[in-house]
Every structure is written in C-alpha cells, then in structure tokens.
Amino acid sequence: MKVCVVGTGYVGLVAGTCFAEYGNEVICIDKDEKKINDLKKGIIPIYEPGLSELVERNHKEGRLLFSTSLKEGVESSEFVFIAVGTPTSDNGSADLRFVFAVAEEVGKTMNGYKIIVDKSTVPVGTADQVKAIVAKNTKHPFDVVSNPEFLKEGAAIEDFMRPERVVIGAESENAAKKMSELYSPFVLNGNPIITMSIRSAELTKYACNAFLATKISFVNEIANLCDAVGANYDDVRKGMGTDSRIGRQFLYAGIGYGGSCFPKDVRALLRTAEEVKAPMHIIQSVEDVNEKQKTRLTDKIFEHFKSTDMKGKTFGIWGLSFKPGTDDMREAPSIPLIYELHKNGAKIQVFDPASMETSKYYFDGKVEYKKDAYSALQGADAMLLLTEWREFREPDFNKIKSLLKSPLVFDGRNQYKPTLMNELGFTYYSIGNR
C-alpha cells in the first residue's frame, strides 16, 4: 500500500519506518529541510533503539522515501497520516495549529480519494475539525480516521510491530476496512484490531495514558507514606502486584513521570473535561501529585544537609532523560531538580548515555558534562540517580565510594537495595524504601 506520513518526529518516523518494513511504499514528509536531508543520509533526529538500522535498510531498498513536498506525498499515496506535534498550549489544551495546517494543505493538494489519518494525539472532536478543514479545500472524496498510537519510548519498534491492539475510529466502512488491511500484517499473533467511533478512539488514547499516570502518582503517594510510617515500599509493591486485579506494571515508585505523553495528555484531558463541564477530580490530583513528586529528592537532599544553601556542594548526577532508552528530555524530573540545586548554589556534574546533547537546551551553563558515569562522581558530595539506565543497575560500588567525598547516594528510581547499600557503608536515600 502507498502511505504518506506527515511529520518525522517520534511517532511519524517510527510509524513510517515500520510500515515500510512490512513492504508498504512510504514517503515521510517534513518541512524541515535539514532534517529531511539528514534522514536521506541515515542521520536520525531521535534516539530510539533499532530505529536507525530500519530507516537505513528501508531507505536503501526504496520503500522509505523522505521529502519536504507535501504535494508529492499526498498525490502519490492513498493513506495520509498526520503525525505532527500537539504541544501543550498556555491554557493546558493541546495546540492543534500544526494539525490544522497540514489538514488545509492536504485538502489543497488532493488528487483523488484519500484516507486521512489522525495519528497525532488529539482531543475529542479534532477529527470533525480536520474533516471540515479538508472539505473546505477540496472537491475530492475522502475519509478521516482516528488511529491513536500507543508507543513506549525505548520500545517503540516492538510496540508498533507487535501491538497489543490497534484502535481505529472510523465513520466509513470502507476506511475501516482499508485501515484493517494496512495493519493486518502487524497482528498475525491474534491481537485485536478494534474498530469504534472516531470520538471513542480519540478518547481511548487519553484514557489509557491518564490511567497509567494515575497508577504512577498513586504508588508515589504510597511510597511517600512508607517513608513517613517506616514501611518498605518495595515489599508493598510486591504485595500489590501479585493481585491480578492490579497487576505488576507501573507500580514502581520514583520522582515522577515525564516525557512527551503523560504530562501533555493529562493536561489536555483536564482541559477537555473543563470545556464540557465534566470535572475530573482524580485526574487533577494525578497532575498535582506528579508535580510535587518531582521535588521529593530535592527535599531529601535539603533535609540531609539541614539547609537549602548548597554553596560549596557538588552533586554527581546519573541520568537526565525522563526514562531509559530515550534522549527525550520533555518534562523530565531532572529539570526541576537541577534547576533547584543550581539556584541554591550547587555545582552539578552529569552523565547520561543518550541525552547529553538534548539536555543542553535545558542545562547549558548550569551543569558540567562528563564523559562517563564515574567521571561525574569525581569529588562530589553525593551521587544522585535520576534515570534508571541499565548500565547504572550494577555499578562498582567500591569505585563510587572512592570517587565521592563521602558515601552518600540519593536514588530517585529505587534501583539499589537499601540493605546492600547500608552493608557497603553508604548513607542511602530512596523513595519509600529503607
């Protein structure tokens, strides 16, 4: 099948590449000429395990093309996926300017029937607006479909290639059938393609992300309570996770969620609820708890040193990205923590396996970048673990002790066992564990 994907960000590039991997003819469109030229050379704008190899192979074999011409992409394709950014606007709603601009241009360049697919995460009712914009600019027949993505950064290729489910919101039987045909090779394992109304599909993505965010904020509050009453959250987590009604996933306590999805989608859902006068009190609490949780480790640091004055103190930080397996810094808990320490006079030495370059947008001039994890600890008063990269899970603790001024560790991701750390002579702080 012939597919056009508009937008070569995280969702667009992964989707286009995976469609090409399964034999479709795909053209990815982006107005950023440098990005397109880089992609043609095999230079990938994002860090995602396995993506670079797939892009290179499919481009070389002619199934994956890149262009700045939306007209070329639309005219040569039956499916047009809109996968542009929908950042949070000042009032918390999703900013749909880019989606609507693409819709208008698609309408102007159509040369026949097209299936226009909202792949970007958009609020309920967006497809109706896209449909109206396209109709205003074309006389050709078309259908608008909602096809939300459910990709986890760091595991996006696997998620797209072997989805747990494919959600298709469509009014047209023909569009639903065509979309099912496009996705059929991806669900040979028997996982479902679920067809529903467009508005239901739009809401499904928000509902999923808001529920997962709720689990995270809930367990973080339980972990904070563990700190207060002397319980161990790791034990509580095991007790909860073995309950089949709850499950083991998303029960790990830490310093809050970040990234491009959960924060943005929670706020957009709250804004939608506000607009239709259907307040969501639980979801509002999720947002509030998460913002507070990002300061949890900072509070522990100030409490340990019995002061907020960090002048003369040096901190060695492991991990900057919002999660392992990505260079994404959007809404990362490391941002408010580093800002607060820097504001209070601390010197900060950092290392992250993937996001050093990306993080300069936030931290340039505020931190000292180190070539490896251990270099970041040289002469530091304490080590702070902020992202649970695999290479940080079993470090040389004796080397860590030798590099630090004192054996002091603040673990924002509960990676290490308190009993082991205590046996090794560390003063160890985590989230809810002791």
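Phenylalanine 351 and phenylalanine 392 are both buried. I start there today, and please keep in mind that this is a predicted model. The two rings have their centres 6.5 Å apart and their planes at 65°, so the pair counts as edge-to-face. Now look at where they come from. Phenylalanine 351 belongs to strand β10, residues 347-351. Phenylalanine 392 sits in the loop between β12 and α16, the latter being residues 397-403. That is 41 residues apart, and the pair links distant parts of the chain.

How many aromatic pairs does a search of the whole structure find? The count is 21. Here is another of them. Tyrosine 374 has 22% relative accessibility. The cut-off for buried is under 20%, so tyrosine 374 counts as partly exposed.

Ring pairs link Phe19, Tyr22, Phe81, Phe160, Tyr183 and Phe186.

Rings also meet charges here. Arginine 165 places its charged end over the ring of phenylalanine 150, 3.8 Å from the ring centre. Lysine 401 lies over the face of phenylalanine 426, and there the distance to the ring centre is 5.9 Å.

Let me step back to the domains. The assignment for the protein chain gives domain 1 as 2-196 and domain 2 as 230-429. Their centres, taken over C-alpha atoms, are separated by 33 Å. Across the boundary, 17 residues of domain 1 are in contact with 18 residues of domain 2.

Helix α2 covers residues 33-40, and its buried residues are Ile36, Asp38 and Leu39. Why do they line one face? Seen down the axis of α2, the buried residues fall within an arc of 160°, so they share one side of the helix. What covers the buried residues of α2? The cover includes α1 (10-21), β2 (25-29) and β3 (64-67).

Turn to the other face of α2, away from the buried side. That face carries the exposed residues Glu33 and Lys34. Glutamate 33 has a relative accessible area of 53%. The C-alpha atom of glutamate 33 is 9.9 Å from that of serine 69, and the two residues are 36 apart along the chain.

Now the ends of α2. Aspartate 32 caps the N-terminal end, with a side-chain oxygen 3.1 Å from the backbone nitrogen of lysine 34. After α2 comes glycine 42, whose phi is positive, near 85°.

Next stop, glutamate 149. This residue is in the loop between β6 (142-146) and α7 (156-161). Is glutamate 149 buried or exposed? At 5% relative accessibility, glutamate 149 counts as buried. What does its side chain reach? A polar atom of the glutamate 149 side chain lies 2.9 Å from the backbone nitrogen of leucine 151. The side chain of glutamate 149 also makes a polar contact of 2.8 Å with the side chain of lysine 205. Leave aside residues up to four places away in sequence, and glutamate 149 touches Val11, Lys119, Thr121, Lys205 and Cys261.

Threonine 195 is in strand β8, residues 193-196. At 44% relative accessibility, threonine 195 counts as partly exposed. Which residues does threonine 195 touch, not counting those up to four places away in sequence? The answer is Ile168 and Ala176. Alanine 176 is 19 residues away from threonine 195 in sequence, and their C-alpha atoms are 7.1 Å apart in space.

To recap on the screen. Find the buried pair, phenylalanine 351 and phenylalanine 392. Then find glutamate 149 and its polar contact with lysine 205. Finish on α2, with Ile36, Asp38 and Leu39 buried and Glu33 and Lys34 on the face turned away.

Notes:
Residues numbered from 1 in each chain as written. Predicted model: local features only at pLDDT ≥ 70, side-chain atom pairs only at ≥ 80, totals over all residues. Heavy atoms only, no water. Buried < 20%, exposed > 50% of the residue type's maximum accessible area, 1.4 Å probe, protein only. Helix = DSSP H or I, 4+ residues; strand = E, 2+ residues; numbered from the N terminus. Arc of directions from axis to C-beta. Contact = heavy atoms within 4.5 Å. Polar contact = N/O pair within 3.5 Å; in protein donor to acceptor, adjacent residues only side chain to side chain. Phe/Tyr/Trp six-rings, centres within 6.5 Å; stacked < 30°, edge-to-face > 60°. Lys NZ or Arg CZ within 6 Å of the ring centre and 35° of its normal. Domains from an automatic or database assignment.
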